[in-house]
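Subject: Structure handover

Hello,

Here is the structure we talked about. Please open it next to this message and follow along.

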Amino acid sequence: MELLKNYIGGEWVESSTGETTESYNPATGEVVGLLTRSNEVDVQKAAVAARAAFKTWRHTPAPVRGEILMKIGQALEKHKDELAQLLTREMGKVLAEARGDVQEAIDVAYYFAGEGRRLFGQTMPSELTNKACMTLRDPIGVVAAITAWNFPIAIPAWKMMPALIAGNTVIFKPASDGAVVATALVKVLIEAGVPSGVVNLILGPGNLIGDALVTNPGIDAITFTGSTETGTKMAATASLCNKRVSLEMGGKNAIIVMDDADLDLAVDGIIWSAYGTTGQRCTACSRVIVHKDAKEELLNKLVVKIKELKLGNGLDSKVDIGPVINSTQLDSIHKYVEIGKAEGARLLIGGERATEGELAKGSFYRPTLFADVTPDMRIAQEEIFGPVLSVITIDSLAESIEVNNNTRFGLSASIYTQNINNVYTAIRDITTGILYINAGTIGAEVHLPFGGTRGTGNGHREVGTAAIDFYTEWKSIYVDFSGTLQRAQIDNR
Ligand code: UN1
């Protein structure tokens with residue numbers, strides 16, 4: 001099997017350790033790729049290459065950088081099918097969703113290609129005569145993009161496209177469970193004409209190279225999507241190095257279903273948000289907060305739909321739910337199911353591995369539904385990242401909003417209601433970064449800011465124009481054309 005290497009300064013190179021790791025297909029257990037395993041020496045090489053490329057890339061006019069992003073979008077379109085197939089083989093999501101993952105990267109490439117002709121600064125008057133003021137956006141320098149396996153094309157693109165359009169160069173460190181796809185993505189970037197050193201790929205486990213990426217003095221900023229535990233440690237280290245870090249971490253996203261909701265519509269949104277991508281989205285719905293008068297009917301409808309869901313290999317077009325990413329995650333999900341039972345929640349369906357036939361070869365878990373969950377139970381508070389849904393019953397809209405807001409995370413939320421007053425109360429009082437009305441908790445579009453409040457992140461947003469704020473420094477310019485010394489705050493008083 002071909003060894004997948006690092007891509008540093010325009011060359012494919014083996015890591016300095018000479019060691020390798022494997023990436024497995026979670027549906028079949030087969031090896032999908034053999035990966036080089038880097039350490040801090042390789043990080044240093046990538047940092048040097050990225051710094052060298054930064055000198056010319058930052059002077060490449062932003063509209064020209066935009067043309068390269070346009071070509072990235074076109075190349076991704078050309079390779080969409082093969083990338084999607086590989087993506088399903090490496091991380092398991094069903095093919096239709098894998099195509100969506102690639103499409104999200106295409107969208108973000110085109111969106112930020114256009115941004116190359118904007119990157120707006122501001123002009124403003126001076127308080128002194130014959131003096132002009134303006135602001136510009138400067139790139140930060142070298143950005144390390146540390147990404148998750150659950151959107152192995154979209155999330156790297158979310159980070160790389162705004163970083164590149166702003167004039168930064170990138171060191172891309174994908175999750176090991178998505179590294180084969182990441183390598184294919186880098187090949188597409190090369191085909192599209194990204195110059196040597198502008199994007200560098202470094203493969204290896206986060207516990208070996210994560211720290212080196214954060215502390216290396218040649219790296220200026222870090223953008224991370226992954227676990228709350230890792231991200232929080234990373235931010236602490238980064239702040240000691242005075243580095244900017246953007247974190248995209250956990251979620252405990254809820255769908256509120258009011259007594260006036262269209263229940264069939266709500267059921268469709270809940271099934272898609274909770275069990276789509278096998279529950280492995282930061283935005284996945286893992287809590288339903290239902291009004292007591294709608295509860296019984298909603299639960300009955302959910303159980304009927306869950307029974308219809310077909311588990312299997314995501315390459316099979318009849319399959320609804322693929323595997324979870326690996327056996328460690330399978331164990332972690334099952335541990336939470338045991339915790340839920342011990343806490344007194346009522347297991348309605350699921351709650352076990354699926355092992356019949358071919359499923360035994362992979363990491364499959366049955367879609368799971370708990371009722372009679374109380375807001376403070378661990379299964380209602382902690383991110384499970386799997387197909388496990390907890391239903392909490394409430395008496396009023398005010399209570400539903402309080403329960404929604406009362407977790408350590410704040411990524412997305414949703415409300416199903418036909419009442420316009422409920423809608424606007426929710427818009428005003430729900431404190432997540434993303435809110436859907438009469439739609440599930442997943443499916444964010446790339447031209448709106450993406451991110452969450454509280455422990456989901458650290459105040460930054462991905463995609464949309466908001467992302468540019470993270471990848472640039474504001475520079476304030478004062479041009480004095482008076483020919484005399486003018487002292488602000490003094491001479492004009
Ligand atoms: C994630 O799970 O980290 O809104 C990203 C969504 C997708 C992105 C999810 N567009 O569900």
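Strand 7 (residues 131-139) and strand 22 run antiparallel and are joined by 9 bridges. Please keep in mind that the model is predicted.

These two strands belong to an open sheet of 3 strands, in the order 6-7-22, with antiparallel pairing. The edges are strand 6 (122-125) and strand 22 (472-480), each of which pairs on one side only. From one strand to the next, the twist averages 25 degrees. As background, strands of a sheet pair through backbone hydrogen bonds, and the pairing can be parallel or antiparallel.

The other item is a pair of helices. Helix 2 covers residues 62-78 and helix 6 covers residues 179-191; their axes come within 8 Å and cross at roughly 125 degrees. The crossing of helix 2 and helix 6 is right-handed.

Which residues in helix 2 and helix 6 meet? On the helix 2 side they are I72, A75, L76 and K78, and on the helix 6 side L185, V188, L189 and E191. Sorted by class, this contact of helix 2 with helix 6 has 6 nonpolar and 2 charged residues, and no polar ones.

Regards

Key:
Residues numbered from 1 in each chain as written. Predicted model: local features only at pLDDT ≥ 70, side-chain atom pairs only at ≥ 80, totals over all residues. Heavy atoms only, no water. Axes fitted to C-alpha atoms, helices over the stretch in contact; angles between N-to-C directions. Helix = DSSP H or I, 4+ residues; strand = E, 2+ residues; numbered from the N terminus. Left-handed = near helix turned anticlockwise from the far one by under 90°. Contact = heavy atoms within 4.5 Å. Nonpolar A, V, L, I, M, F, W, Y, C, P; charged D, E, K, R; others polar. Pairing = 2+ DSSP bridges.
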